[in-house]
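Take a look at the structure below. Then read on for a short tour of its sheets and helices.

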Amino acid sequence: MPQTNIRMDVRAIDPIISIIDIQGDVSAAAEQVLTDAYAQANAPTTRVIILNFNGLAYMNSSGIGLLVTLLVRVKRQKQHLLAYGLSEHYRHIFEITRLSDAILLYGSEQDVLAAARAL
Amino acid sequence: MVTFQVVSRTAQLTAPPKKRSRRFPRKLFLVTHVVTSMGISALLFVAILNITRSDYAFILLPVLLSVFINGSRPYNLDIFRSSTPLYLLLTVCLGVIYYSVVTEFVLLTHPASVGIIYVTVALAWAIILEPVRAYFQSIIERRFNVRNREAIKAVAAFTSTLREEIDLDQLRERFLTVIQQIMHPYSVSIWVRATVQQQEQSDSPERSVIAIASDDALIAYALSHPGAAEIDRLQLDSPLLQDLKARAVEIAFPLTSQGEVIGLLALGPRLDSNHGVFRLLRYGVIGLLLLGPALNEEEYAYEDLALLNSLAAQVAPALRVAQMVQEEQQQVRERERIEQELRTAQAIQLAFLPKDVPVLPGWQIAPYYHPAREVGGDFYDFLVFADGRLGLVIGDVTGKGIPAALVMATVHTMLRTAVLEMASPGAVLARVNDLLSAEIPTGMFVTCFYVLLDPKNGRLWYANAGHEPPFRQRGGNASELWATGMPLGMMPGTRYDEYEAALAPGESLLFYSDGLVEAHNAQHEMFGFPRLQALLAGNANVASHIDFLLAELKDFTGAGWEQEDDVTLVTLQRILESYRMNEQQEKLHLLRESTVASVSGNEQQAMEWMAEVARPLHLSHERLDDLKTAVSEAVMNAIEHGNHYASDKEVVLQVLASDTAVVVRVRDQGDGKQRPIFDPGTPDLEAKLAGREASRGWGLFLIKKLVDELYIINDEHSHTIEMVMHRDGVNTGEHTSTQEE
């Protein structure tokens, strides 16, 4: 089994916005943790899910695949997926993979919350 | 046709008994014999009477009569020795009574007669009364069972062990022996249905093989008339019958078992064996005693035939059992012989196939050879020249087994000898053809395709001696590398045209033998050239053409396919040039090499290792991050898709550097079954989000985007991902190349 070096905490900012704080590695091993975190964040009133990558240590293509899966679920719930805290390298990867087109990236929590409330 | 193995025994005589007719000539002979004997007896009697002048001379008359009628056949003293006193007493009494009655009748009817009239009357009474005497004698014989005493003993001894005898040869010999003992034939032969092996081993003069039509009239007669058949009496339209008559066979016994004629016992003329009493008996039964002109011309008595009938009824099943045992033993031996021959042929074949495959930079050569159960004579060879050129030969010898393997070995040696003197494929084939034509067995020949390759530039010179031309694969196209010529060994002096071509990077040749294209499936369809060509054209990017074609062949033939012929495949591929192959290759040097176990998560370990190794190279922070992620992705790919998370398999990492580039190679170990890695192109995010594609599948795409050049090298056993990062910090743009080795 893949080793898990991941932790995700969910913060409900308000009934509409939830933030998932990611600590560690986003790889195939993070699948269940991410699923659980989204389940926790996904309240009936939740309209925006925000991923906090400030604690991201490592992300690989499997992790990108998990984000795509999460994105599919979020879209089904008519929700929005936003992110912030990505390093330059992973921003580059988000751009390469065009994930940045589907997950809007912001530099700080303040910026992303402002954008979320404006949706 | 029904084939019989015939085992015969013939008495050791200077000449065989005369063939005699059974009807009128026998009676004529009998009468002549009797009359002559009577005449001689009468003359002697008259002479004795004149000399002695005594009436007691008449006493001698019956004695003389018996002596001359019996001729050279003395009484069988063995009979007397083996008989009981009572039997001897009765026999003597009967003789005395016979003598007395004859004498009394003579005296009563012609008391005063003298001379020739007296003699004639005496002889007449003797003849008239002999059947009566013989009749009573036969009663005595039957009562004491004298005649068959020895025969019955022999038969009893034979039949008592009959059930234990399962050796056909032994049984047959013992049967012939007992027949000789009880029947005393001049010749006796036993015909038993022959196996194929017995038919092939029919060179023994005592064990000939005779084939007769299965619908021969005599066979039908034998089935419908069990028991002895007297050959001379039969009138059938039967070639077998005519043959038996020509062989002087008198009695034929069909040996039948379960409604099938499994053999035939043929007896020739009977030899006399001093059975005097027997002869007398026979006179009473079949009336032949007086007609037997010679001791070796007796007929068989009814008792003989009855005994034989009984014997045959017991022997036939025993023969059948022994025959089945022998057939089984022969089959076992034949199987062992064939297996040994197959092993020998395969050993010869394999001994002459190359042990190693030449390693040529920029080229990938892969052979495959799998012999059929019965080796078919396929071969291939690699001939390495001092100037770096490579000769590649593939061929097929007609025929199978050891002969084909031996010819293959001969051709192999001739080819290797010829290339010492010349390199030109046409000249080599011509030389081998001339040498081979003088030595190859009639009806055999060898097909052969010879290619001479200059690996530096991909130029090919080739000639063909009747072999299937190789297929040349270029992208999505497959065409034959056409050349024609007579097979080797067919016609001395044949010239072979030489052709020239060039293989570009990425192109390949597939050499093959007819075992592939002539394979049949359960529906009797042939794999065929068109199928092979279409498969090659439609699957240019497979990692291994050999594995791919073998998988296709397996799918085509289905489970349980018995390989009909050797299957030989050789691929010659000019691989695409990777970074290591280009002009900068000489400037690259290996910085570090390491391995990681195929455990998920170790890609991060590789990533850190990469960072450490790359530190002296002074890559920018961004480019180093890109390279680290690319290496991580490549290692993860190797762990998952190459080594399938087998923790005992390693992923090999190499970092090479030149003044202008850093090259990282990541190679898995594979399992020989892995699918090739291809450039997947750009993932379609919309399709993934819409659920039309899996969410995964980003790895190679990421690598391609993160490094300056990407090469994917698929070979027979592993995948190598080669990533190039330029040190000037300039990404020259996307460059990806996939190649199969």
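Predicted model: local features only at pLDDT ≥ 70, side-chain atom pairs only at ≥ 80, totals over all residues.

Residues are numbered from 1 along each chain as its sequence is written, chains are lettered from A and ligands numbered from 1 in the order in which they are written, and side-chain values use heavy atoms, with hydrogens and water left out.

**The sheet of chain A**

Helices (H or I, at least four residues) and strands (E, at least two) are DSSP runs, numbered from the N terminus. Two strands pair if DSSP finds at least two bridges between them. In chain A, five strands form an open sheet in the order 1-2-3-4-5, and the pairing is mixed. Strand 1 and strand 5 (104-106) of chain A are the edge strands, each pairing on one side only. Neighbouring strands of this sheet are turned by 25° against each other on average, direction ignored.

Strand 1 and strand 2 of chain A form a hairpin, with four residues between them. They pair in the antiparallel sense over seven bridges. A12(A) stands opposite S18(A) in strand 2 of chain A. Strand 2 of chain A also runs parallel to strand 3 (residues 48-59) of chain A, joined by nine bridges. Here G24(A) stands opposite L56(A).

A salt bridge is a side-chain nitrogen of Lys or Arg within 4 Å of a carboxyl oxygen of Asp or Glu. D21(A) forms one with R11(A), and their closest N and O atoms are 2.6 Å apart. D21(A) lies in strand 2 (residues 17-26) and R11(A) in strand 1 (residues 6-12) of chain A, so the pair ties together parts that are 10 residues apart in sequence. Over all chains, the count comes to 18 salt bridges.

**The sheet of chain B**

Chain B has an open sheet of five strands in the order 8-9-10-11-14, with antiparallel pairing. Strand 8 (378-384) and strand 14 (499-502) of chain B stand at the edges with a single partner strand each, so one side of each is left without a neighbour in the sheet. The twist averages 20° from one strand to the next. Strand 9 (residues 390-397) and strand 10 (residues 446-454) of chain B pair in the antiparallel sense over eight bridges. V397(B) stands opposite V446(B) in strand 10 of chain B.

**Two helix pairs**

Axes are lines fitted to C-alpha atoms, for helices over the stretch in contact, and angles run from 0 to 180 degrees between N-to-C directions.

| Helix pair | Angle | Axis distance |
|---|---|---|
| Helix 1 (residues 31-41) and helix 2 (residues 61-76) of chain A | about 25° | 11 Å |
| Helix 13 and helix 14 of chain B | about 135° | 9 Å |

Angles under 35 degrees count as roughly parallel, over 145 as roughly antiparallel, 65 to 115 as roughly perpendicular and the rest as oblique. Helix 1 and helix 2 of chain A are therefore roughly parallel to each other. Helix 13 and helix 14 of chain B are therefore oblique to each other.

Contact means heavy atoms within 4.5 Å. In chain A, residues including L34(A) and Y38(A) of helix 1 meet residues of helix 2, among them L66(A) and L70(A). In chain B, the contact includes M414(B) and L415(B) of helix 13 and V432(B) and L435(B) of helix 14.
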